[in-house]
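Student: Hi! Could you walk me through this model? I'd like to start with the ground rules and then jump around a bit.

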Amino acid sequence: MTDYAIGDIQGCYDRLREVLHRVAFSPSRDRLWVAGDLINRGPSSLETLRYLSGLGSSAVVVLGNHDLHLLAVALGGHQPRKKDTLSEILDAPDHNQLIDWLRQQNLCVHDSDRNLVMAHAGVPHIWGIEQAVACAREVEAVIRGEHAEEYFTQMYGNEPPCWDDSLSGMDRWRIITNYFTRMRFIAENGTLELATKEAAAHAPGGFAPWFEFPRRDDTRVIFGHWAALEGQTGDDQFIGLDTGCVWGGALTIMNLDTGEKIHCDC
Ligand SMILES: Nc1ncnc2c1ncn2[C@@H]1O[C@H](COP(=O)(O)OP(=O)(O)OP(=O)(O)OP(=O)(O)OC[C@H]2O[C@@H](n3cnc4c(N)ncnc43)[C@H](O)[C@@H]2O)[C@@H](O)[C@H]1O
């Protein structure tokens, strides 16, 4: 069995199948870790979602901001945006099944044997792994539970900007969500800057890329989300897999045992 991890697919189904073919991925033998943003912006979100959900236990998936946006449209009464390519999912006969499957996915997965964690945007340095996993489980339970509608109605927003143990309810769920799915630049005290999407060199004053703050542990972090990084973090502990497939870059898959990366041009 080989475990592979893949960056933001964003509905680029043909590239997904091409890169899986190149590594001879077999769902009956191998596993695919998917770093979030399965859908949106690309041409084939419905096919992508059907394929990944059909992998069953051969897929290990975390939710990205675009996946949460689909859930917010489907469950929170939000309107799709102009650039969205989600209507084929919303209109599909199996739409309820696909949305239910998406709701069951995690914000963060931790493999203690491999000393590895995966989250769409990353894991902030202010949290140890235990706290990060506990925070993820809290919000995952909300997304699957009776408060899901309230959560998705109020999910959007940049406030509060920073973690505080005393936060509760929607404020607490929103900042946890923003760390796991939207973070790029962060301040030493954990304050997020969510407006800047450019490469790491464009850090606004007082902020730095989240992976430049040393962690208290040596856990490797797999993430996607930040296309302008082109997969470069300058540190093997932090593995960026979003290489901008949907922006004319490449789709990247990594063999988790050997560390080998394969790129499929888009
Ligand atoms: N709580 C919340 N609040 C607000 N929104 C929430 C939310 N929760 C979920 N969302 C959702 O989040 C989504 C964000 O939408 P948008 O804000 O429209 O984001 P996007 O441009 O599609 O990209 P994304 O943020 O995924 O970043 P990426 O690095 O790929 O691309 C970013 C940019 O990098 C550029 N880029 C790509 N490759 C590059 C490269 N090599 N060099 C330089 N720039 C590059 C691209 O052109 C692109 O403009 C929406 O669906 C929104 O609804």
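Tutor: Happy to! Helices (H or I, at least four residues) and strands (E, at least two) are DSSP runs, numbered from the N terminus. This is a predicted model, where local features need pLDDT of at least 70 and side-chain atom pairs count only at pLDDT 80 or more, while totals for chains, interfaces and linings use all residues. Residues are numbered from 1 along each chain as its sequence is written.

Student: Great. Where is Phe211 placed?

Tutor: Phe211 is in the loop between β8 (208-209) and β9 (220-223).

Student: And is Phe211 buried or exposed?

Tutor: Phe211 is buried, because 26 other C-beta atoms lie within 10 Å. The cut-offs are 20 or more other C-beta atoms within 10 Å of its own for buried, 12 or fewer for exposed, and partly exposed in between, with C-beta atoms placed from the backbone.

Student: Which residues is Phe211 in contact with, leaving aside neighbours within four places in sequence?

Tutor: Those are Gly122, Thr233, Asp235 and Phe238. Contact here requires C-beta atoms, placed from the backbone, within 7 Å. Gly122 is 89 residues away from Phe211 along the chain, with 8.0 Å between their C-alpha atoms.

Student: Switching to strands: what is the order in the open sheet of 3 strands?

Tutor: The order is β7-β6-β8, and the pairing is antiparallel. β7 (192-193) and β8 are at the edges with a single partner strand each, so one side of each has no neighbour in the sheet. Two strands pair if DSSP finds at least two bridges between them. β6 (residues 185-186) and β7 have 2 bridges, and Phe185 has Glu193 in β7 as its bridge partner.

Student: Now helices. At what angle do α6 and α8 pack?

Tutor: Helix α6 (residues 129-144) and helix α8 (residues 169-181) pack at about 115 degrees, with axes 10 Å apart. Axes are lines fitted to C-alpha atoms, for helices over the stretch in contact, and angles run from 0 to 180 degrees between N-to-C directions. The two are therefore roughly perpendicular. Angles under 35 degrees count as roughly parallel, over 145 as roughly antiparallel, 65 to 115 as roughly perpendicular and the rest as oblique.

Student: Which residues make that contact between α6 and α8?

Tutor: Among them are Cys135 and Val139 of α6, and Trp173 and Phe180 of α8.

Student: What about α3 and α5, how do they cross?

Tutor: Helix α3 (residues 65-76) and helix α5 (residues 95-103) cross at roughly 130 degrees, their axes coming within 11 Å. They are therefore oblique to each other. The contact includes Leu70 and Leu71 of α3 and Ile99 of α5.

Note on methods:
Contact = placed C-beta atoms within 7 Å.
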